[in-house]
Structures are given as structure tokens and as C-alpha cells.
Amino acid sequence: MSLYRLETERVIGEIRKRNAGVVGLQFPEGLKMRAVELAEQIESETGATAVISADPCFGACDVSDRKMRDMVDLIVHYGHTPLPLDYEVPVIFIEAASSVEVGEVIREAADRLSGHRRIGIATTAQHLHLLDQARSLLEERGFEVVTGEGVNTARGQVLGCNFSAIRGTDADAYLFLGSGNFHPLGIKLFTGREVVVADPYHGEVRDIEEFADRVLRVRFARISRASDASRWGVVVSSKAGQMRFELALMVKKKLEEAGREALILLAENISPAALLPFRELEAFVVTACPRIAIDDSQLYDRPLLNPSELEIVLGERSWDDYTLDEIIHG
Ligand code: SF4
């Protein structure tokens with residue numbers, strides 16, 4: 001059985017209803033292996049031509065509407081919920097809700113959380129439909145359960161750049177339902193409370209503490225190394241949903257006022273290979289997705305910082321106030 005509900009009947013119905021002759025299909029990395037099968041089914045059942053985006057895609061901030069606008073009548077974007085952005089082509093968002101069983105990992109997580117009373121729950125698009133089940137299971141165990149209303153996200157939903165749904169929840173500890181470490185890391189850094197991950201894909205329950213410590217040690221080392229850099233690159237993304245040129249100009253100005261040199265670089269996909277030729281630059285500030293500097297840190301030969309980390313270099317923020325950067329889209 002598939003791990004995700006790809007709502008193919010709904011997609012086919014929408015293509016027919018809109019009489020779309022050419023349909024763009026965009027998938028996050030984890031779903032690309034389903035692309036060929038889905039494109040073939042769509043073509044045979046609707047007569048439309050499918051165009052699969054082969055570029056990397058990590059969020060609804062990165063819909064390929066600009067690239068496909070003169071080519072397709074409709075884009076089907078899988079794996080993310082819509083952001084309040086002006087897409088240039090009609091887009092259908094298919095969240096790809098997970099169909100994995102979560103009861104067991106939630107019960108195990110409840111055991112881990114037993115020393116706490118008020119538990120905040122957060123998750124990603126794939127498990128939003130399971131929040132009620134998670135709530136009931138925790139309530140049965142006597143916990144008080146809270147989910148927060150997000151800004152431009154659903155209740156209880158966190159993005160890698162938007163943790164507004166946990167603000168104000170004031171829980172004693174948090175349960176993150178899903179896989180990966182970045183979202184629970186964000187919850188940990190924004191709340192300072194214990195965060196337990198219930199990962200139904202790997203059938204695993206774990207604490208994020210050790211991972212958070214490791215990330216913070218790496219960030220401290222990167223910030224320290226960047227402190228000596230005199231020539232900086234300020235990286236701007238050309239992806240419409242991640243482009244923060246005003247911020248890049250502000251960062252450049254700050255660096256120059258601090259007596260450093262700073263040049264702005266524009267890139268579609270920010271990667272070690274894209275930055276490699278600019279050997280004179282000793283450190284970079286990334287104004288695009290805040291995950292790039294943190295997740296891929298080890299791949300770069302020079303430090304990549306987020307704007308809030310530059311504040312530490314420039315003495316505007318203390319290390320004790322370390323935080324992840326957020327982008328509230330829209
Ligand atoms: S900017 Fe936000 S929505 Fe876009 S890929 Fe990064 S974390 Fe996800």
C-alpha cells in the first residue's frame with residue numbers, strides 16, 4: 001500500500017473539469033519516484049500532456065509557476081499546503097497525506113512524556129489529518145493537549161521557516177509527529193522545552209536534545225569561523241517565494257558598516273557547486289530558505305550563516321539568544 005494519499009481521482013477530475021491540455025507536475029524529493037507512474041496515468045486517463053518538474057523542490061515557496069507559465073494550463077504540486085503567494089498559473093496542492101499507522105508511536109511517545117502535564121502537538125502537512133487522533137490518544141493518558149493557530153499555516157502545522165503554530169502554546173513539552181530533525185529542532189530552539197519525535201515511518205520515538213546540541217555546536221563553530229571573514233557573499237534566491245532582496249541589501253549594508261566587504265550573489269539553487277567559484281569570499285549569508293545554512297552546513301567549505309547568525313558575528317545579538325530564522329510568507 002502507498003504511504004501517501006496522492007488523490008489521483010481528484011487530480012484527474014480537476015484536469016478534466018478545467019480542460020487542461022498541458023499539466024505540470026511537481027514533487028518534493030521523497031515523492032519523485034512516483035512521478036512517472038502518475039504522469040502515465042494522467043496522460044492515459046485525461047489525454048493531457050504531463051510535464052514533470054525535475055528540479056529540486058522543498059516547499060510551496062518553490063512552485064514552478066514562473067518556469068512553466070508559458071507551457072502549462074495547470075500545475076499539480078504535491079507534498080505541501082498552499083502559501084498565500086501569487087502563483088502565475090492555476091495550482092492544485094495535493095498534501096500527500098500520510099497513510100501510515102501512528103497509534104503505536106504516539107503511545108510510546110506518551111510514555112516518554114509522562115513527567116509532563118500540558119503537551120503541545122505539532123506536525124507537517126502529511127499528518128495534519130492525524131492531529132485529532134494524536135490528541136485523543138494523549139488525552140486518554142491524562143495529558144492536557146494544546147495545538148496552536150499558525151500564521152499562514154494550519155492549526156498545529158510547522159514549516160521549516162514558520163513555527164508560529166507553537167507560539168503561545170506554552171506547553172511543558174512538545175510532541176512532533178513526523179520524520180526528520182529540522183522541525184523538532186525548531187520547536188526545541190523556539191520553546192526551550194523537551195521535544196519528543198514520534199516518527200511513524202521508522203516506527204521510532206526519540207528525544208531531539210542530542211541532535212539540537214550537535215547542531216548548536218556546529219553553528220557555534222561556523223559563527224566563530226565567520227567572525228574573522230572580511231569578504232562576504234550575501235546570497236539571494238531567484239525563487240519567488242524565497243527571494244528577499246531587501247533583506248540582502250540590508251545585510252550588505254550592515255556588513256559594510258562593520259568594515260567588511262560584501263557582494264550580492266543571485267542563485268536559483270544554492271549549493272556548494274554554485275558558490276565554489278567565488279574563492280575570494282570567505283563566508284556567506286543566505287537570505288533564502290533558512291534550512292539551507294543549517295541542514296547542508298557540512299557540505300560547504302566556507303561558513304554559511306543565516307541573517308540572525310550574522311547578528312551574533314556583528315555583536316547585535318548574543319549567543320544565548322540564538323534562534324532559527326523565520327519567513328512568514330504572504
Ligand atoms: S522557505 Fe520555508 S516553505 Fe520554503 S522550503 Fe524553506 S522551510 Fe520550506
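This short talk covers where domain 1 and domain 3 of this protein meet, and a pocket between them.

The model is predicted, so to speak of a local feature we need pLDDT of at least 70, and side-chain atom pairs count only at pLDDT 80 or more, while totals for chains, interfaces and linings use all residues. Residues are numbered from 1 along each chain as its sequence is written, and side-chain values use heavy atoms, with hydrogens and water left out.

The protein has domain 1 (4–96), domain 2 (103–207) and domain 3 (216–321), with bounds from an automatic or database domain assignment. Six residues of domain 1 and seven residues of domain 3 make the contact between these two, meaning heavy atoms within 4.5 Å.

How much area do domain 1 and domain 3 bury between them? About 540 Å², 49% of it on carbon and sulfur atoms. Buried area is the accessible area (1.4 Å probe) that two parts lose on being put together, summed over both. On the domain 1 side, Cys61, Asp62 and Arg66 lose the most, together 64% of what that side buries.

Two salt bridges cross this interface; the rule asks for a side-chain nitrogen of Lys or Arg within 4 Å of a carboxyl oxygen of Asp or Glu. Glu268 and Lys67 form a salt bridge at 3.1 Å, N to O.

Now the pocket. Domain 1 and domain 3 both give residues to the lining of the second largest pocket, so it lies between them. A pocket is, on a 1 Å grid over the protein atoms alone, an open set of points where a 1.4 Å probe fits, with protein on both sides within 12 Å along at least five of seven lines; lining residues have an atom within 4 Å of a point. Of its 16 lining residues, Val63, Asp65, Arg66, Lys239 and Ala240 are the closest to the centre.
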